[in-house]
Amino acid sequence: MSREEALRLADEPVTAWTNAEVEYEPRPVRNTFLVELSEGDLTWLFEEAQRRGVKPSAVIQALMSQARRAAESLPADQEAGDGSRED
């Protein structure tokens with residue numbers, strides 16, 4: 001398409017674009033949480049991120065995924081509580 005044609009089409013209503021195709025991809029769902037870390041945990045987080053060559057958020061995401069996989073592999077009777085048992 002030439003520049004002149006693009007400028008002409010830009011002035012026309014979208015309905016005039018008979019061969020236009022709209023592609024839609026939903027954006028991934030994201031949530032942000034505020035977490036207070038101790039000075040020691042914060043230091044460890046930044047050092048671990050530097051060691052891995054990633055941002056601290058990538059370390060947190062990896063740890064979260066690891067914890068989720070571990071929790072999903074627990075027997076059903078341990079999932080309801082905190083893992084401690086009353087005998």
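A salt bridge here is a side-chain nitrogen of Lys or Arg within 4 Å of a carboxyl oxygen of Asp or Glu. The views below show a predicted model.

**View 1. Overall fold of the chain.** The predicted chain contains 4 helices and 0 strands, in the order α-α-α-α along the sequence. Buried residues make up 6% of its 87 residues. The salt-bridge count is 3.

**View 2. Arg51 and Glu48 in helix α2.** The closest N and O atoms of Arg51 and Glu48 are 2.5 Å apart, and the pair forms a salt bridge. Helix α2 spans residues 39–52, and the two residues sit 3 residues apart in it, about one helical turn. Arg51 is exposed, at 62% relative accessibility. Glu48, in contrast, is buried, with a relative accessible area of 10%.

**View 3. Arg52 joins Glu48.** A salt bridge also links Arg52 to Glu48, with 2.8 Å between the closest N and O atoms. Both residues belong to helix α2 and lie 4 residues apart, about one turn. Arg52 is partly exposed, at 37% relative accessibility.

**View 4. Arg68 and Glu72 in helix α3.** The side chains of Arg68 and Glu72 form a salt bridge with an N to O distance of 3.0 Å. In helix α3, which covers residues 56–72, these residues are 4 residues apart, a separation of about one helical turn. Arg68 and Glu72 are both exposed.

Definitions and conventions
Residues are numbered from 1 along each chain as its sequence is written. This is a predicted model: local features need pLDDT of at least 70, side-chain atom pairs count only at pLDDT 80 or more; totals for chains, interfaces and linings use all residues. Side-chain values use heavy atoms; hydrogens and water are left out. Buried means under 20% relative accessible area, exposed over 50%, partly exposed in between (1.4 Å probe, protein chains only).
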